[in-house]
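User: Could you walk me through reading aromatic pairs in a model? I'd like the general idea, then the actual case.

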Amino acid sequence: MTITAQAVRRDAVKAPRRRGGIAPPWLFAVPALLVYAFVVLYPALSGAGSAFTDWSGVGEQRSFVGVDNFKQLFHDDQALGALRNTLLLTVAIVVVQNGLGLLLALGVHTRIKTRMALRVIFFAPVVVSPVMVSFLWKYVYNPAPDAGLNAALGAIGLGGLRQDWLGNPSLALWSVAFTVIWQCAGYSMVIFLAGLEGVPAELHESAMVDGAGTVARFRHITWPLLAPAVTINVMLSTVGGLTLFTQIIAMTNGGPGYATDTLSTVLYKQAFVFGKFGYSTAVALVLAIFVAAVSFIQIGYLRSRETAA
């Protein structure tokens with residue numbers, strides 16, 4: 001008697017119903033979802049109404065101001081500059097961090113004897129607190145000519161390149177971006193490395209027999225099969241860039257001036273420095289909607305790329 005694949009799948013789907021003792025898989029996520037809804041979603045949604053008031057964050061006195069906070073946001077030069085900085089940081093982090101992570105993954109995926117040690121070294125910064133990393137690089141960027149990066153440049157005869165790395169408005173944003181990339185490139189490397197481990201060696205061997213070179217094998221075999229890893233890395237680095245906060249506060253506090261302010265630092269300052277909690281909530285809502293919109297667009301495109309691959 002021949003059993004078709006379709007019949008096997010149909011019986012597999014019906015089997016849990018016949019046994020009756022197996023719960024649908026999504027039920028196992030219900031406890032965690034309830035905790036998340038109570039701890040995160042409910043406070044977030046209940047506080048969203050403050051975006052339409054002039055609440056200072058202290059006491060219960062507040063007045064309904066409609067969409068005035070949102071109008072102020074889109075006419076606020078500081079907020080618009082923070083949006084520009086946020087987008088620039090995100091693009092730099094996504095492109096450079098993932099590009100560097102891929103190169104590192106390809107390097108340690110080879111059969112060199114030190115590959116395990118190199119994996120540990122490249123991943124080590126990821127497990128360090130972002131605050132500690134920020135203060136470490138704040139010392140590296142010390143503007144004194146005999147300290148940090150400036151001292152190293154002077155020692156190798158490049159003293160003319162010394163800069164006030166965090167005090168120059170033209171360099172500060174990119175200095176922070178480099179710090180984030182330095183710390184997180186190892187994380188991208190690990191995800192790409194997991195993807196590389198899943199590429200069948202037989203495909204490369206067959207391509208080599210057919211005369212395909214290294215570049216051709218990467219383009220036509222490795223890169224398409226890395227699509228899931230690319231999706232994860234791009235999504236994580238994009239959300240991380242759009243919501244970047246810790247490194248900015250620890251290294252520059254948004255300065256010099258507003259040169260390194262992001263939307264996350266603007267909403268923090270408006271709420272806890274200037275006491276404009278209503279306006280800060282409006283900034284937070286706009287940021288949340290923007291991050292969600294970018295994420296949905298990205299996931300749709302990247303998932304379609306996975307299917308095509």
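**Aromatic pairs**

Analyst: The structure holds nine aromatic pairs. It's a predicted model, with local features needing pLDDT of at least 70 and side-chain atom pairs pLDDT 80 or more, while totals for chains, interfaces and linings use all residues. Numbering runs from 1 along each chain as its sequence is written, and side-chain values use heavy atoms, leaving out hydrogens and water.

User: What makes two rings a pair?

Analyst: Rings of Phe, Tyr and Trp (its six-membered ring) pair if their centres lie within 6.5 Å; planes under 30 degrees apart are stacked, over 60 edge-to-face, and the rest tilted. Here, Phe245 and Tyr268 are edge-to-face, at 5.4 Å centre to centre with 70° between the planes.

User: Where do Phe245 and Tyr268 sit in the chain?

Analyst: Helices are DSSP runs (H or I, at least four residues), numbered from the N terminus. Phe245 is in the loop between helix H11 (227-242) and helix H12 (246-251), while Tyr268 belongs to helix H13 (residues 263-272). This pair links distant parts of the chain, 23 residues apart.

User: Which ring does Tyr268 also pair with?

Analyst: Phe272, in a tilted pair: 5.6 Å centre to centre, 40° between the planes. About one helical turn separates Tyr268 and Phe272, because they're four residues apart in helix H13.

Technical notes
Helix = DSSP H or I, 4+ residues; strand = E, 2+ residues; numbered from the N terminus.
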